[in-house]
There are 2 protein chains.
Amino acid sequence: MSISDAESLVMEVLWEKNPATSDDVVAELAKTTDWQEPTVKTLLNRLLKKSAISAERDGRRYLYRPLLKRADYVHAASTTLLDRLFNGRVAPLVAHFSERRKLTKKDIAELKRLIEDLDHDR
Amino acid sequence: MSISDAESLVMEVLWEKNPATSDDVVAELAKTTDWQEPTVKTLLNRLLKKSAISAERDGRRYLYRPLLKRADYVHAASTTLLDRLFNGRVAPLVAHFSERRKLTKKDIAELKRLIEDLDHDR
DNA sequence: AACTTCAGATTACATTCGTAAACGGTAAAA
DNA sequence: TTTTACCGTTTACGAATGTAATCTGAAGTT
C-alpha cells in the first residue's frame with residue numbers, strides 16, 4: 001500500500017512534529033496548502049488504515065505518530081525513480097544533472113568529500 | 001498535464017523505437033506486462049490527447065512518435081523527487097544512498113570521474 | 001458488390017486520489 | 001441534567017488511472 005502525494009505532505013508534518021494532534025497537522029498544512037480541516041482528517045485516516053501512522057488516545061483527542069520512517073519512505077521513492085529512469089543506478093542520475101548544469105557548487109563540494117570518504121574507508 | 005506511470009511505459013517503448021505502430025508497442029509491452037491490446041491503444045490515445053506523442057497516418061495505420069523528449073521527462077520527474085525529498089539538491093540524495101550502502105563500485109568510480117571533470121573544466 | 005477483417009475510436013467500469021461536507025458521540029458548559 | 005461544542009467517523013463526489021470490451025468505418029478478399 002503506497003503513500004499518495006497528498007498523504008506524504010501529512011507524513012512530512014508528522015516527521016517534523018512527533019507526536020502531533022490533528023489540529024497541529026491542520027495548522028501546519030494551512031501554511032502551505034489550501035486544505036480544509038476535513039481534508040486533513042481524511043488523509044490522517046487513510047494513513048492510519050495503511051498503518052503508516054499510529055493514533056494514541058489522549059483525553060478527547062488523538063496523538064498521531066509516524067510509523068513509517070522518513071528514511072525508509074525516501075529510500076523507496078528514490079529507488080523506484082532510479083529503477084525506472086536510470087537503470088537503478090545513482091551515478092547516471094548525477095551525470096544527468098551535471099549535463100543539465102544543475103549541480104550547485106555546494107553539491108560538487110559535498111560530492112567530492114563523499115567520494116573521498118568512500119574511497120578511504122574501504 | 002502529466003504522464004501517468006502506465007503511460008510512461010508506452011513512452012519508453014516509443015523512445016526506443018521511433019516511429020512505431022500500435023502493434024509494435026503492443027508487442028513490446030507484451031514482453032513486460034500483461035496488458036491487452038485495447039489497454040495499450042487507450043494509453044496511446046491518452047498520450048495523443050496530452051500531446052506527448054504524435055500520430056502520422058501511414059496507409060491504414062498510424063506511426064506514433066514521441067514529442068516529449070526522454071531527457072525532459074527524466075529531468076522533470078527527477079527534479080520533482082529531489083525537491084520533495086532532498087530540498088532540491090543532488091548531493092543529499094547521493095549521501096542517502098551512500099548511507100544505505102547502495103552505491104556500487106561502478107557508481108563510485110563514475111562519480112569520482114564526474115567530479116574530477118567538473119572540478120577541472122571550471 | 002457483398003463479406004470479412006483489422007485498426008482506430010468510443011464507451012465502460014472499478015479503484016485511487018484530492019477535496020470536502022455531514023453525522024454522531026462524548027466531554028464540557030450552563 | 002440538558003445543551004453545546006468539539007473531535008473523530010462516515011459518507012460524498014468528481015477527476016484521474018488502470019484495465020479493457022465494443023463499435024465503426026475503411027480496406028482487403030471473394
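How do the residues of the surface near DNA strand C divide into nonpolar, polar and charged? They divide into six nonpolar, nine polar and eight charged. Ala, Val, Leu, Ile, Met, Phe, Trp, Tyr, Cys and Pro count as nonpolar, Asp, Glu, Lys and Arg as charged, and the others, Gly among them, as polar.

Some housekeeping. This is a predicted model: local features need pLDDT of at least 70, side-chain atom pairs count only at pLDDT 80 or more, and totals for chains, interfaces and linings use all residues. Residues are numbered from 1 along each chain as its sequence is written, and chains are lettered from A and ligands numbered from 1 in the order in which they are written.

Two or more residues each come from α1 (5-16) and α3 (37-49) of chain A, and from α2 (22-32), α3 (37-49) and β2 (61-66) of chain B. Helices (H or I, at least four residues) and strands (E, at least two) are DSSP runs, numbered from the N terminus.

DNA strand D has 22 residues around it, the closest being A:Arg61, B:Ser4, B:Ala6, B:Pro38 and B:Thr42.

Now the protein pair. 26 residues of chain A contact 26 of chain B, counting C-beta atoms, placed from the backbone, within 7 Å.

Note on methods
Near = placed C-beta within 6 Å. Contact = placed C-beta atoms within 7 Å.
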